[in-house]
Amino acid sequence: MLKLAMAVLWPSFLVAAMADGFFFSVFDPADLLIVGGHGELPAIAVYTIGFFFFWSFGALASMLSIYLLRTESPSQPPF
């Protein structure tokens, strides 16, 4: 189970670090709108929230990939 968790969490962590760097090199946290107005969060909080947002989507994609690999039907030809 630990091996499966690491197979999901480590690649998604690396992708989140890269996505966070790319995203915030283009967008300034002070310029992002939060529900129609400027947020009162400090920049480090916005970076942290963005990182966990990207990490959760990366983990979801990794889990879906592992699920699809493990549920491959033997009656269908591989593509």
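## Ala16 in helix α1

Ala16 sits in helix α1. Helices here are DSSP runs of H or I with at least four residues, strands are E runs of at least two, and both are numbered from the N terminus. Ala16 is buried, at 0% relative accessibility. Buried means under 20% relative accessible area, exposed means over 50%, and partly exposed lies in between, with a 1.4 Å probe and protein chains only.

Ala16 touches Phe51, Phe54 and Trp55, leaving out residues up to four places away in sequence. A contact is a pair of heavy atoms within 4.5 Å. Phe52 is 36 residues from Ala16 along the chain, yet their C-alpha atoms are separated by 7.5 Å.

## Basis of the model

This is a predicted model: local features need pLDDT of at least 70, side-chain atom pairs count only at pLDDT 80 or more, and totals for chains, interfaces and linings use all residues. Residues are numbered from 1 along each chain as its sequence is written, and side-chain values use heavy atoms, with hydrogens and water left out.

## Overall layout

The protein chain holds 2 helices and 2 strands. Read from the N terminus, the order is α-β-β-α. Of the 79 residues in the protein chain, 15% are buried.

Take the contacts between residues at least 6 apart in sequence: 68% of them join residues at least 24 apart. The accessible surface of the protein chain is about 6400 Å², and carbon and sulfur atoms account for 75% of that. Accessible areas come from the Shrake-Rupley method with a 1.4 Å probe; for residues, only the protein chains shown count as cover.

## How the helices cross

How do the axes of α1 and α2 cross? Helix α1 covers residues 2-26 and helix α2 covers residues 43-70; their axes come within 7 Å and cross at roughly 140°. That angle makes α1 oblique to α2. Axes are lines fitted to C-alpha atoms, for helices over the stretch in contact, and angles run from 0 to 180 degrees between N-to-C directions. Under 35 degrees counts as roughly parallel, over 145 as roughly antiparallel, 65 to 115 as roughly perpendicular, and the rest as oblique.

The crossing of α1 past α2 is right-handed. A crossing is right-handed if the near helix is turned clockwise from the far one by less than a right angle, and left-handed if anticlockwise. By class, the contact of α1 with α2 has 19 nonpolar, 4 polar and 2 charged residues. Nonpolar covers Ala, Val, Leu, Ile, Met, Phe, Trp, Tyr, Cys and Pro; charged covers Asp, Glu, Lys and Arg; the others, Gly among them, are polar.

Ser12 belongs to helix α1. Is Ser12 buried or exposed? Ser12 is buried, with a relative accessible area of 1%. Setting aside neighbours within four places in sequence, Ser12 contacts Trp55, Gly58, Ala59 and Ser62.

Ser12 and Phe54 are 42 residues apart in sequence and 8.2 Å apart in space. Phe57 and Ser12 are 45 residues apart along the chain, with C-alpha atoms separated by 7.9 Å.

## Residues on helix α2

Ser62 lies in helix α2. Ser62 is buried, with a relative accessible area of 15%. Beyond residues up to four places away in sequence, Ser62 touches Val8, Pro11 and Ser12.

Ala59 is also in helix α2. Ala59 counts as buried at 11% relative accessibility. Its contacts, again leaving out residues up to four places away, are Val8 and Ser12. Val15 is 44 residues from Ala59 along the chain, and their C-alpha atoms are separated by 9.3 Å. Phe57 has its place in helix α2 too. Phe57 is partly exposed, with a relative accessible area of 47%.
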